[in-house]
Amino acid sequence: MIKDMVNHPADSTARCEEAYAKAQKLQDKLNAVITFVDPKEQLSQLPEGGLLHGVPIAIKDNVSTKGIRTTSGSRILSNYFPIYDATITKKLREAGAVCIAKASMDELAMGGTNLTCFTGAAHNPWDTRRMTGGSSGGSAALVAAGVVPMAIGSDTGDSVRKPASYCGVIGVKPTYGRISRYGIIPYASSLDHVGYFTRSVEDACITLEVLAGRDDLDVTSSNRPVEHYTEALNDSIQGKKIAILGNVIDSVSNPEIVKMFNELVEKLKVAGAVVDTYHFDDKLMRAILPTYYTIANCEATSNHSNLDGIRFGVREDGADMQEIMTNSRTKGFGPLIRRRFVIGSYGLFEANQERIFRKAQKVRRLIVNAMKECFKEYDCIFAPASGTIAPFIDAINNDDKLSTDYLVAENYMAMANFSGDPSMTVPMGFEEGCPIGVNLTCPAWHESTMFTIAKAIEDITGLRDLQAEVK
């Protein structure tokens, strides 16, 4: 784990070179990397000390890395080499971390499968026939396969927490504003969070201490002091009040996952937690996904209007400027992204803004208010992170998009992006040899409470430092 690595700084070079070689060796099976980063130069410039000294990591490919290709998983950015580092890239370097890979992701972070990257689908380390989830699937896969102990992701709807469930790792989305987003290629600015993956709750605490803090380059980042999450970590949940999200449990059709979850709940009660079932309004729960799609696609359309082949991105030939832009965007974006831009553009038409975009924002507020009501009584909202294990890649389009399973059980975690509250996924168990996780969401700035409950779950399940044997 991270602390063990930091305590043996003399092994840094061998450790990072081994991670680099392992990532390359597994690429044919996982396809989890877009760009490999040779660690030699970073190792020659390692600062003294640091919470991540000599720790090999991977960074999602929407995070700016100066002089290192940063594509955001899209062909239109396949020639983009940033001239500056994201704030978190600097923080990681100053803490002694060594980046060995820019990880695969859904194109422009728009997707939950990691099947839309221009370099092809990422594969799940536990069963390479299955998907990783997305959009941060490459990062999740590299942590799950034991290549690196920590990897950076981003989370706009559940893009860290769902891959964490499918890949059997810890996935953390802190409070909105806790981590600077400067230098992160955006998806939807009001929903985007920097997140990350580890294989233990303790490593999750260490990572947040490195990444958190005010950044004047990001006006949405908070001035709140950064807590000592590692020092505060304990597994005592005596008296903690946990609200099981009953709407999700009612929507999970897999009886084995429900049974596994219920057994975990009983053990949490034995450990001293007060656990009740809490129901949100069913209409609000079914509205989460369409509300998310409307807001996210509208914001993404605005954010990526500069990717036109003229001002930015790979340029295609054309007879005039209009044709160049049309050809560049048509060939530069995959079909899913083009569809989402059509939806976003429609929602942003002046005639449609009030009845589509503004209405979605109002529904978002209703959902956030419902969460606040729950948090008046409870410390945590709790439910399975998914109603299934990772789907097979060739069966991903078979979901009934209007079913309660899909609308609620598979997409409810976006509510924490609406509210900006901290949320994380922790491994719960295995079904058919594949991992499945649970998600917990706490009130804003209560990361320490979230980590404490997660640590209790980790101790109950014993699922710490899981590493898949890639076959």
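The following legends describe close-up views of a predicted model.

**View 1. Helices α10 and α17 pack against each other at an angle of about 110 degrees.** Helix α10 spans residues 255-270, and helix α17 spans residues 447-461. Their axes lie 10 Å apart. Angles of 65 to 115 degrees count as roughly perpendicular, so α10 is described as roughly perpendicular to α17. The crossing in which α10 passes α17 is right-handed. On the α10 side, the residues that meet α17 are Leu-264, Lys-267 and Leu-268. Their partners in α17 are Ile-457, Ile-460 and Thr-461. By class, this contact of α10 with α17 comprises 4 nonpolar residues, 1 polar residue and 1 charged residue.

**View 2. Helices α11 and α13 cross at roughly 95 degrees.** Helix α11 covers residues 282-303, while helix α13 covers residues 335-348. The two axes come within 7 Å. The helices α11 and α13 are therefore roughly perpendicular to each other. From α11, the contact draws on Tyr-293, Asn-297, Cys-298, Ala-300, Thr-301 and Ser-302. From α13, the residues that meet them are Arg-340, Phe-341, Ile-343, Gly-344, Ser-345, Gly-347 and Leu-348. The contact of α11 with α13 contains 6 nonpolar, 6 polar and 1 charged residues.

**View 3. The second largest pocket has a volume of about 450 Å³.** Its lining is made up of 19 residues, of which Val-37, Gln-42, Lys-66, Ile-68 and Arg-93 are the closest to the centre of the pocket. Four elements each supply at least two residues of this lining: α3 (40-44), β2 (56-60), α4 (87-94) and β3 (98-103). Among the contributors, α4 gives the most to the lining of the second largest pocket, with 3 residues. Sorted by class, the lining of this pocket has 10 nonpolar, 4 polar and 5 charged residues.

**View 4. The largest cavity has a volume of about 70 Å³.** A search of the whole structure finds 3 cavities of 30 Å³ or more. Rolling a probe the size of a water molecule over the atoms shows where empty space is left. Lining the largest cavity are Pro-174, Thr-175, Tyr-176, Gly-177, Arg-178, Ile-179 and Arg-181, together with Asp-192, His-193, Val-194, Asp-218 and Thr-220. By class, the lining of the largest cavity divides into 4 nonpolar, 4 polar and 4 charged residues.

Note on methods. Residues are numbered from 1 along each chain as its sequence is written. This is a predicted model: local features need pLDDT of at least 70, side-chain atom pairs count only at pLDDT 80 or more; totals for chains, interfaces and linings use all residues. Side-chain values use heavy atoms; hydrogens and water are left out. Axes are lines fitted to C-alpha atoms, for helices over the stretch in contact, and angles run from 0 to 180 degrees between N-to-C directions. Angles under 35 degrees count as roughly parallel, over 145 as roughly antiparallel, 65 to 115 as roughly perpendicular and the rest as oblique. A crossing is left-handed if the near helix is turned anticlockwise from the far one by less than a right angle, and right-handed if clockwise. Contact means heavy atoms within 4.5 Å. Ala, Val, Leu, Ile, Met, Phe, Trp, Tyr, Cys and Pro count as nonpolar, Asp, Glu, Lys and Arg as charged, and the others, Gly among them, as polar. On a 1 Å grid over the protein atoms alone, a cavity is a set of points where a 1.4 Å probe fits but cannot get out, and a pocket is an open set with protein on both sides within 12 Å along at least five of seven lines; lining residues have an atom within 4 Å of a point. Grid points are joined across faces, edges and corners, and a volume is the space filled by probe spheres set on the points.
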